[in-house]
Amino acid sequence: MKVGFIGAGKVGCSLGKYLVTHGVDVVGYLSKHHSSAEQAAHFTGTRAFDSLEQVVQASDILFITTPDHAIPLVWEELRKLPLAKKCICHCSGSLSSAVFHSRRQCGAYGYSIHPLFAIWDKEHSYEALAHAVFTVEGDPEHLTDLQAWLERLGNSVPVISASKKSLYHCAAVTVSNHVLALVQTAMEMLQECGFDAQDAQQALFPLLENNVKTILEHGVEKALTGPVERGDADTVRSHLESLSGKDAALYQNLCARLLPIAQKKHPQRNYTKLQTMMEEWK
């Protein structure tokens, strides 16, 4: 099975290198800027193509690894070419295979294959892809084949529904990007207490690291600690009183999401005072 890439950015380079290191026949890259394709080809030990026709002819599976907004534009050009029996894939977390409209008329099959992983650069991210979950969605004809193909690399590969792609991507953004917003908010709080930015970051890191490890080993419920878990309404109130505006609203919303987890962890504990205080705070 020969794999070609259209797009030579972080995702294309990382996925291509990951496949090559696992013995997959990656034929090479086409990019808007030929120099980018050449760099990706050099990095992966493959070829830089000069035209869409060339990469299509050389590939059985085509990955479109451009920014999301460009995927429909690339598809409009692709569908003018002979695509019979070829699998056309993209790596967008939010878009489904529906972006490849009218693909049956071309004799092609469409899929979204997304690594649930933050790819941060072209040269090193591939080394950690072995730990990533890949989700796959698309036409039934080769869905299980692609799933098995990726599983042979050692990855977990659940199949998801096209109708759930936005919700799936929202989950990924929440645990990845939104965590950064929480970290930044906490750092700013510590800076108000006299920390400098670097010290604030270093102070919070052990909390973050230990929390992630505990979640992985024991699950969210057992990892929960703190004033909500204890039902400590007075401490939660004092926190809210120290905040204002959006930060107070954010803190209150997060506490509201923690409360049912705490109630599940300690069904015998009375959380009425905390729940009443939070409702009155609104």
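Predicted model: local features only at pLDDT ≥ 70, side-chain atom pairs only at ≥ 80, totals over all residues.
Which helix gives the most to the lining of the second largest pocket?

**View 1. The lining of the second largest pocket.** H7 gives the most to this lining, contributing six residues. The volume of the second largest pocket is about 1000 Å³. Its lining comprises 39 residues, and those closest to the centre are Val11, Thr66, Pro67, Asp68 and Cys91. Two or more lining residues come from each of helix H1 (10–21), helix H4 (71–78), strand S6 (109–116) and H7. By class, the lining of the second largest pocket has 21 nonpolar, 14 polar and four charged residues.

**View 2. The largest pocket.** The volume of the largest pocket is about 2400 Å³. It is lined by 42 residues, of which Leu182, Leu208, Asn211, Leu254 and Leu258 are the closest to its centre. Several helices give two or more residues to this lining: helix H7 (165–175), helix H8 (177–192), helix H9 (197–218), helix H10 (220–223), helix H11 (227–230) and helix H13 (245–265). The lining of the largest pocket divides into 28 nonpolar, 11 polar and three charged residues.

View 3. Seven strands, in the order S3-S2-S1-S4-S5-S6-S7, form an open sheet with mixed pairing. Strand S3 (47–48) and strand S7 (133–138) are the edge strands, each pairing on one side only. S6 and S7 run antiparallel and are joined by six bridges. Pro115 has Phe134 of S7 as its bridge partner.

**View 4. Helices packed on the sheet.** Helix H6 (residues 143–151) packs on the sheet and touches strand S1 (2–6), strand S4 (61–64), S6 and S7. The direction of H6 makes about 165 degrees with that of S7. H7 also packs on the sheet, where it touches strand S5 (87–90), S6 and S7. The direction of H7 makes about 15 degrees with that of S6.

**View 5. The packing of H12 and H13.** Helix H12 (residues 233–241) packs with H13 at an angle of about 155 degrees, and their axes are 9 Å apart. H12 is therefore roughly antiparallel to H13, since angles over 145 degrees count as such. From H12, the contact involves Val236, His239 and Leu240; from H13, it involves Ala248, Tyr251, Gln252 and Cys255. The contact of H12 with H13 has five nonpolar residues, two polar residues and no charged residues.

Notes: Residues numbered from 1 in each chain as written. Heavy atoms only, no water. 1 Å grid on protein atoms, 1.4 Å probe; cavity = no way out; pocket = protein on both sides within 12 Å on 5 of 7 lines; lining within 4 Å. Points joined across faces, edges and corners; volume = space filled by probe spheres on them. Helix = DSSP H or I, 4+ residues; strand = E, 2+ residues; numbered from the N terminus. Nonpolar A, V, L, I, M, F, W, Y, C, P; charged D, E, K, R; others polar. Pairing = 2+ DSSP bridges. Contact = heavy atoms within 4.5 Å. Axes fitted to C-alpha atoms, helices over the stretch in contact; angles between N-to-C directions. Parallel < 35°, antiparallel > 145°, perpendicular 65-115°, else oblique.
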